Amino acid sequence: MDTAASPPVSPPQPSPPARLASLDVYRGFVMLLMAAELLELPHVAARYKGNAFWDLVGGHTQHVAWTGCSLHDLIQPSFSFMVGVALAFSMAGRMAAGQSKGRLWLHALWRAVLLVLLGVFLRSMDAKMTYWTFEDTLSQIGLGYPILFALGFLRARWLWTALGVILAGYWAFFALHPLPEAGFDAAARGIPAGWAHDFQGFAAHWNMNTNAAWAADCWWMNLFPREAPFTGNEGGYSTLSFIPTLGTMILGLIAGRWLRASREAADGANLSLLLRLAAAAAVGLALGWGLDRMGVCPSVKKIWTPAWTLFSGGWCFALMAAFYLLVDVLPLRRLFFPLTVIGLNSLAMYVLVHTVAGFIAESFHIHFGADVFAKGGEWLGTFIDDMGDRAVDQQTWGPFLQGAAVLGVLWLVLFWMHRRRIYLRL
């Protein structure tokens with residue numbers, strides 16, 4: 001009889017969570033909306049102004065001037081929301097692989113720094129020197145990412161508490177900032193001539209380039225070397241928007257935990273998850289809309305007001321629920337393969353659009369003729385305008401065809417990367 005002691009049996013390690021296919025599709029959808037700026041659809045829609053379809057397309061393929069919401073305005077909130085969703089899965093996966101907390105923190109901090117600097121790099125593409133600005137989507141995520149990561153170790157009640165503190169504190173930060181003196185020089189603050197979107201009364205605390213975040217940037221941005229002193233962002237964006245953007249990422253982290261728990265649960269959890277996501281969507285939309293309508297806090301994407309955090313967060317919950325239903329519950333995943341290709345390499349798509357899209361367009365002109373898209377646009381415009389009994393406009397559809405060609409090339413690049421399992425990660 002063998003009396004040798006048996007080696008101790010190690011407890012089974014938790015397996016890393018499986019990849020969430022709906023998250024890749026959602027991310028691909030958002031990146032496609034961003035890349036679709038190449039199509040210049042608002043320019044096309046302006047040609048057919050008064051047509052209900054084209055008015056809808058034109059309105060939802062560009063940002064609103066200040067308050068309100070279009071589909072295009074949901075790109076950055078969705079991208080930020082999905083960072084939180086992905087973190088819930090990536091933290092679980094790394095801990096299941098046995099990574100220490102110290103190693104996790106080093107990766108999180110490295111990622112945050114790279115995101116901030118990559119955003120600065122992309123904003124400096126056409127500048128004569130490094131253009132230090134932090135309103136880019138990547139920079140905003142990077143600034144808040146270490147805090148989000150720290151919250152990832154805490155229980156759900158602390159996530160909700162942090163969200164409440166962020167939204168209430170950021171609201172008070174604006175509400176307590178003094179309003180500008182009468183007759184101030186709007187042009188000197190970068191406010192466009194003829195600007196007609198200012199709020200009146202209490203809501204004026206959230207007007208363009210007269211608010212608390214603008215005042216903070218007038219100090220902060222001038223600490224960096226600049227071609228000219230910073231007096232205001234021409235779009236009204238601000239560095240401190242990363243704080244309420246962190247609120248959007250926290251909402252994503254909460255949703256990610258719900259999604260992860262549902263995938264680990266027994267059958268029947270999908271319905272409960274979808275109802276929870278739908279309820280969160282309804283609450284977020286109602287709160288954001290209500291705060292705006294009551295004049296307590298306007299809903300403004302460009303300065304990421306607390307009302308906007310809640311309203312856009314509601315839409316993010318709704319979109320996440322829709323894609324989860326279509327991709328992970330119903331057997332429709334293959335229909336979304338083109339979006340999956342983009343979603344798996346969303347960072348690559350973001351960088352490619354901002355760096356090589358112009359090069360690709362110029363290459364088409366070099367190799368196929370300078371008027372290759374103008375001729376195609378003339379033919380397409382003739383066909384469409386004749387159907388609508390309009391005078392032919394040869395300039396409308398050429399930019400659209402050029403954008404479609406560039407977008408097609410970018411997708412083929414991502415498809416090539418996908419086939420070879422090359423994914424750009426931070």
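Visitor: In which hand of crossing does H10 pass H11?

Guide: Helices here are DSSP runs of H or I with at least four residues, numbered from the N terminus. A crossing is called left-handed if the near helix is turned anticlockwise from the far one by less than a right angle, and right-handed if clockwise. For H10 passing H11, the crossing is left-handed.

Visitor: What kind of model is this?

Guide: Residues are numbered from 1 along each chain as its sequence is written, and side-chain values use heavy atoms, with hydrogens and water left out. Local features need pLDDT of at least 70, side-chain atom pairs count only at pLDDT 80 or more, and totals for chains, interfaces and linings use all residues, for this is a predicted model.

Visitor: Are H10 and H11 roughly parallel or roughly antiparallel?

Guide: Axes are lines fitted to C-alpha atoms, for helices over the stretch in contact, and angles between N-to-C directions run from 0 to 180 degrees. Helix H10 (residues 269–293) and helix H11 (residues 306–329) have axes 7 Å apart and an angle of about 155 degrees. Angles under 35 degrees count as roughly parallel, over 145 as roughly antiparallel, 65 to 115 as roughly perpendicular and the rest as oblique. H10 and H11 are therefore roughly antiparallel.

Visitor: How many charged residues are in the contact of H10 with H11?

Guide: Contact means heavy atoms within 4.5 Å; the residues that meet include Leu 277, Gly 284 and Trp 289 in H10, and Phe 311, Gly 314 and Trp 315 in H11. Ala, Val, Leu, Ile, Met, Phe, Trp, Tyr, Cys and Pro count as nonpolar, Asp, Glu, Lys and Arg as charged, and the others, Gly among them, as polar. The contact of H10 with H11 divides into 19 nonpolar and 4 polar residues, and the number charged is none: no charged residues.

Visitor: How are H9 and H11 oriented, roughly parallel or roughly antiparallel?

Guide: Helix H9 (residues 242–264) passes H11 in a right-handed crossing. Their contact involves, among them, Trp 258 and Arg 263 of H9 with Tyr 324 and Asp 328 of H11, and by class it has 8 nonpolar, 5 polar and 2 charged residues. The axes are 10 Å apart, at an angle of about 30 degrees. H9 and H11 are therefore roughly parallel.

Visitor: What is the phi of Trp 304?

Guide: Most residues other than glycine have a negative phi. Asn 209, though not a glycine, has a positive phi of about 55 degrees. Trp 304 lies in the loop between H10 and H11 and is buried, with a relative accessible area of 2%. Its phi is likewise positive, at about 50 degrees.

Visitor: Is Pro 178 buried or exposed?

Guide: Pro 178 also belongs to the loop between H7 and H8. Its C-alpha atom is separated by 7.6 Å from that of His 205, 27 residues apart along the chain. With a relative accessible area of 57%, Pro 178 is exposed.

How values were computed
Helix = DSSP H or I, 4+ residues; strand = E, 2+ residues; numbered from the N terminus. Buried < 20%, exposed > 50% of the residue type's maximum accessible area, 1.4 Å probe, protein only.
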